[in-house]
2 protein chains.
Amino acid sequence: MTRITPVILCGGSGTRLWPRSRASKPKPFLPLVGEETLFEQALLRCREAAHFDPAVVVTGQAHLAHVEAQLCGLPGARVIVEPAAKNTAAAIALAALRLPEDEIMLVCPSDHHIADCEAFGAAARSAAALAAEGWLVSFGIEAKSPETGFGYLRRGDGVGGANGELGGFKVAQFIEKPDLARAEQFLAEGGYAWNGGIFAFRVGTFLDELREHRPRLAEAVARAVAGGREDGHRFHPDPAAFAEVESESVDYAVMENTARAAMVPADMGWSDIGNWQALHAARPRDGAGNAVSGKAELVDCRNVLVESDGPRVSVIGLEDVIGMVDGDEILVTSAAGAQKVGKLGGAVNQ
Amino acid sequence: MTRITPVILCGGSGTRLWPRSRASKPKPFLPLVGEETLFEQALLRCREAAHFDPAVVVTGQAHLAHVEAQLCGLPGARVIVEPAAKNTAAAIALAALRLPEDEIMLVCPSDHHIADCEAFGAAARSAAALAAEGWLVSFGIEAKSPETGFGYLRRGDGVGGANGELGGFKVAQFIEKPDLARAEQFLAEGGYAWNGGIFAFRVGTFLDELREHRPRLAEAVARAVAGGREDGHRFHPDPAAFAEVESESVDYAVMENTARAAMVPADMGWSDIGNWQALHAARPRDGAGNAVSGKAELVDCRNVLVESDGPRVSVIGLEDVIGMVDGDEILVTSAAGAQKVGKLGGAVNQ
């Protein structure tokens with residue numbers, strides 16, 4: 001059976017979920033949907049698929065304490081501590097260079113939410129089987145609405161298994177974030193999926209493609225790993241070598257260049273929880289669309305999300321509004337305005 | 001020259017301005033518009049009209065500490081401490097029975113805002129002169145909008161002075177809070193004014209009318225005063241006698257029954273600050289109609305009022321919304337919903 005190692009990428013800070021997400025306690029480490037944090041859910045999702053090997057977490061020094069607190073001594077889990085943030089191509093390369101050539105990496109962001117873990121598991125197994133055949137596999141997330149904040153994958157010919165029984169497709173085209181008209185066209189046409197940043201790669205195949213398309217990047221990461229040091233379950237790449245690594249996404253560096261890009265369709269209640277509106281949509285809500293956490297009283301409200309870590313919040317007569325109370329900061333935004341949270345003075349100057 | 005004693009009524013608690021107004025610090029004692037509290041402004045307005053005598057404040061035990069703190073040793077000011085709240089007829093009667101028969105009482109609520117103090121002074125002098133002629137005078141506040149929360153006065157024939165030079169009118173009709181259609185009709189027709197609860201009475205005339213129309217009430221208040229005790233500038237009516245006093249407004253008890261009801265028109269930027277929306281309207285606002293007090297950042301907002309006594313409040317994309325932060329309570333309401341604030345759990349169970 002294919003062996004799969006989850007590679008959990010634990011980077012960004014999520015300023016668009018300020019003030020709950022802050023530099024000192026970023027988005028992946030918050031229980032935004034349900035009891036567990038997004039990072040814990042990412043680990044649990046993989047652990048529940050019984051044949052997954054222990055996870056490798058790639059993170060930075062700033063997040064290390066949170067990662068280790070929330071790993072809770074998961075048996076066999078390892079942590080790679082990036083000396084600097086260098087985007088996803090380098091992060092995945094670090095993990096690849098610490099794993100056997102034949103291992104399948106299942107690369108997962110740590111700040112997304114997936115409601116349907118069974119669907120995730122099924123897609124992961126398909127993707128791993130395709131990866132074992134030498135495909136570089138993206139999860140193609142069922143596009144439910146004309147989102148302009150995601151890249152899209154266009155589905156090509158079927159691939160995988162002798163008779164296509166693995167359910168994969170070639171990626172015919174990678175499309176950057178479209179405008180609304182184009183996104184609506186994608187939805188109407190069908191055959192397009194969101195690129196959610198979840199990948200399955202055979203380690204050796206990934207490294208071969210990286211060396212082919214980004215030789216300098218591959219070489220610099222290899223030197224950082226060669227010069228790195230182990231510290232129990234932690235691995236510290238060499239900072240000087242890693243400083244020379246180009247900062248590039250795996251999509252640009254590898255996926256858009258390889259001839260072996262494939263995708264598996266995944267309809268699994270996915271959300272990147274990219275802003276407060278997205279979080280509201282991922283939360284259980286009452287008949288009026290309201291969701292409350294902490295002390296609150298809502299009167300004549302529809303589609304209102306209210307969270308308070310202390311004071312009682314009383315809300316009257318609002319629709320499509322989000323209210324957050326977090327210590328010394330209070331945010332009240334229209335759902336449409338949620339996109340601008342990251343640009344607020346409080347979010348910028350944390 | 002007519003001698004005028006301001007009689008400041010300091011009763012209600014203002015639950016519709018919760019959470020800023022609370023049982024422990026009610027509306028009259030808050031600096032809701034400008035630097036002074038509404039109570040202080042009521043005193044100052046009268047003091048600035050140079051020929052007013054020192055004020056008499058009628059209040060209850062619950063408000064006494066606030067009243068005395070904010071009187072700031074105003075020379076000659078006296079306080080009548082009601083043993084129980086018995087509405088305005090009894091409160092005014094208490095003050096009347098402590099003043100000379102020929103004195104003019106200018107009865108003022110302590111929880112309203114008046115932007116134009118000169119116009120107030122002019123109306124007060126007219127009203128006092130009419131009262132000296134034996135009229136019971138209401139301020140008829142220029143109706144600026146079809147409010148359904150106020151009673152209305154319909155203007156009758158001109159009265160006052162040999163040639164009507166005091167600018168008063170008989171009150172042709174007292175109208176209770178109308179519905180919207182009727183209020184709009186009043187505005188369209190003209191000749192209607194809001195009844196703002198400001199009155200001028202000659203003491204002896206008021207007491208005569210009270211005795212005629214509410215003999216039991218007048219008698220019970222007289223016994224409470226006869227059995228009362230002085231304590232420096234304070235006067236405490238007899239609680240047992242006062243307990244028997246009927247609770248009735250001066251409008252019902254006297255104004256709607258007397259044949260000598262008159263009014264003076266008053267266009268003086270009056271607001272009863274009856275709820276958060278009214279307060280917002282009384283505040284200085286920026287070009288987008290926003291008003292902020294305390295730490296706040298507003299983005300894409302119109303007609304938003306934000307006040308915080310501590311945490312920063314960041315607001316995006318809202319219109320006609322009021323946000324209040326007061327210690328352990330936060331209120332966010334649509335302007336239209338401001339009417340319901342007094343019914344919130346927090347406001348009811350303070």
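Between chain B and chain A there are 19 residue pairs in polar contact, both residues at pLDDT 80 or more; a polar contact is a pair of N or O atoms within 3.5 Å, where within protein one must be able to donate a hydrogen and the other to accept it, and residues adjacent in sequence count only if both atoms are side-chain atoms. The model is predicted, so to speak of local features pLDDT of at least 70 is needed and side-chain atom pairs count only at pLDDT 80 or more, whereas totals for chains, interfaces and linings use all residues. Side-chain values use heavy atoms, without hydrogens and water, residues are numbered from 1 along each chain as its sequence is written, and chains are lettered from A in the order in which they are written.

On the side of chain B that touches chain A, strand 19 gives the largest share, 6 residues. Helices (H or I, at least four residues) and strands (E, at least two) are DSSP runs numbered from the N terminus. Here are the elements of chain B that give two or more residues to that side:

| Element of chain B | Residues |
|---|---|
| strand 15 | 296–299 |
| strand 17 | 312–316 |
| strand 18 | 319–326 |
| strand 19 | 329–334 |
| helix 11 | 345–348 |

The contact (heavy atoms within 4.5 Å) takes 28 residues from each of chain B and chain A. Together the chains bury about 2300 Å², 57% of it on carbon and sulfur atoms; buried area is the accessible area (1.4 Å probe) that two parts lose on being put together, summed over both. In chain B, Arg312(B), Ile316(B) and Ile330(B) lose the most area to chain A, together 29% of what that side buries.

Arg312(B) also has a place in the strand pairing, as the bridge partner of Glu329(A). Strand 19 of chain A and strand 17 of chain B run parallel, joined by 5 bridges; strands pair if DSSP finds at least two bridges between them.
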